[in-house]
Amino acid sequence: MTTIVQQASTQALREFLLRMGDSTLILGHRISEWCGHSPVLEEDIAMANVALDLIGQTQFWLGLAAEVEDEGRTADDLAYLRDAVAFRNLLLVEQPNGDYAHTLMRQFLFDAWHILQLEALLESSDARVAEIAGKAIKEVSYHLDRTSEMVIRLGDGTAESHKRMQTALDDLWSYTGEMFLGDACDDEVAQAGIAPAPASLRDAWMQTVRDVMEQATLKVPDSTYAHRGGKQGRHTEHLGFILAEMQFLQRAYPGCTW
């Protein structure tokens, strides 16, 4: 057992890794639903690539979570053989795609947090966590650049595109606060130097969001209400439908391989 796991309990480290991996997995699956259905071919390809990036990152996070728990499970087991209550993803990422404005806004709001999280994780006291962050950050930098540009282009575009982007921002805003709410698990891994305290990222995230929204001529909502519970396994009804589709093949044919 490494020193890091002794300083932060195995359970706390595993929970943190699940929170990272489950969020990228569920968002990656959500985005993949646009494959073949995006409004233009360029966006279809871009969305498919982002989904692949996120699912690739999931392989690392859940793979390490399986290694830490040391129960003989794999990343695939954690992805396909857990029920909704065992998932630890942010509520934001399980929200329906809606129209393309909602999909882009959801992605931007997540990307703006994701890049800050990964930048902090580069300095993690757990070398394995820092290594995963180093692999992921280049991809996420591209994700943020792309969604920022698209939000600005559509927000400051036609009256219709502006309206749709503002509606998306208003609808999704209450799901962003959870990213900055900590609990005992967050406190434990932060004290061990594994990950940043969630609240420490909020100011930088808000600055990024305000800068982009100003250029997009969109108004940041004033509400501070935050839906919460995803990180503790309390989810919206949407996650069950996602898992029913995502896990069907493995559940129908246990242990099947290609």
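**View 1. The largest pocket and its lining.** The largest pocket of the predicted model has a volume of about 280 Å³. Its lining comprises 13 residues, and those nearest the pocket centre are Asp76, Tyr80, Gln250, Cys256 and Trp258. Helices α4 (75-80) and α11 (248-252) each contribute at least two residues to this lining. By residue class, the lining of the largest pocket consists of 7 nonpolar, 4 polar and 2 charged residues.

**View 2. The second largest pocket and its lining.** A volume of about 170 Å³ is computed for the second largest pocket. Its lining is formed by Pro39, Glu43, Asp99, Tyr100, Ala101, Met150, Leu154, Glu160, Ser161, Arg164 and Met165. Two or more of the lining residues come from each of α5 (100-121), α6 (127-155) and α7 (159-172). Helix α7 provides the largest share, with 4 residues. The lining of the second largest pocket divides into 6 nonpolar residues, 1 polar residue and 4 charged residues.

**View 3. The aromatic pair of Trp34 and Tyr100.** The structure contains 5 aromatic pairs. In the pair formed by Trp34 and Tyr100, the ring centres are 4.8 Å apart and the planes make an angle of 90°, an edge-to-face arrangement. Trp34 belongs to the loop between α2 (10-32) and α3 (41-69), whereas Tyr100 belongs to helix α5, so the pair ties together parts separated by 66 residues in sequence. Trp34 counts as buried because its relative accessibility, 12%, falls under 20%. Tyr100 is likewise buried, with a relative accessible area of 12%.

View 4. Phe180 is buried at 6% relative accessibility. Trp205 is also buried, its relative accessible area being 0%.

**View 5. Arg82 over the ring of Phe87.** Arg82 is positioned over the face of Phe87. The distance to the ring centre is 4.2 Å.

Methods. Residues are numbered from 1 along each chain as its sequence is written. This is a predicted model: local features need pLDDT of at least 70, side-chain atom pairs count only at pLDDT 80 or more; totals for chains, interfaces and linings use all residues. Side-chain values use heavy atoms; hydrogens and water are left out. On a 1 Å grid over the protein atoms alone, a cavity is a set of points where a 1.4 Å probe fits but cannot get out, and a pocket is an open set with protein on both sides within 12 Å along at least five of seven lines; lining residues have an atom within 4 Å of a point. Grid points are joined across faces, edges and corners, and a volume is the space filled by probe spheres set on the points. Ala, Val, Leu, Ile, Met, Phe, Trp, Tyr, Cys and Pro count as nonpolar, Asp, Glu, Lys and Arg as charged, and the others, Gly among them, as polar. Rings of Phe, Tyr and Trp (its six-membered ring) pair if their centres lie within 6.5 Å; planes under 30 degrees apart count as stacked, over 60 as edge-to-face and the rest as tilted. Buried means under 20% relative accessible area, exposed over 50%, partly exposed in between (1.4 Å probe, protein chains only). A charge sits over a ring if NZ of Lys or CZ of Arg is within 6 Å of the ring centre and within 35 degrees of the ring normal.
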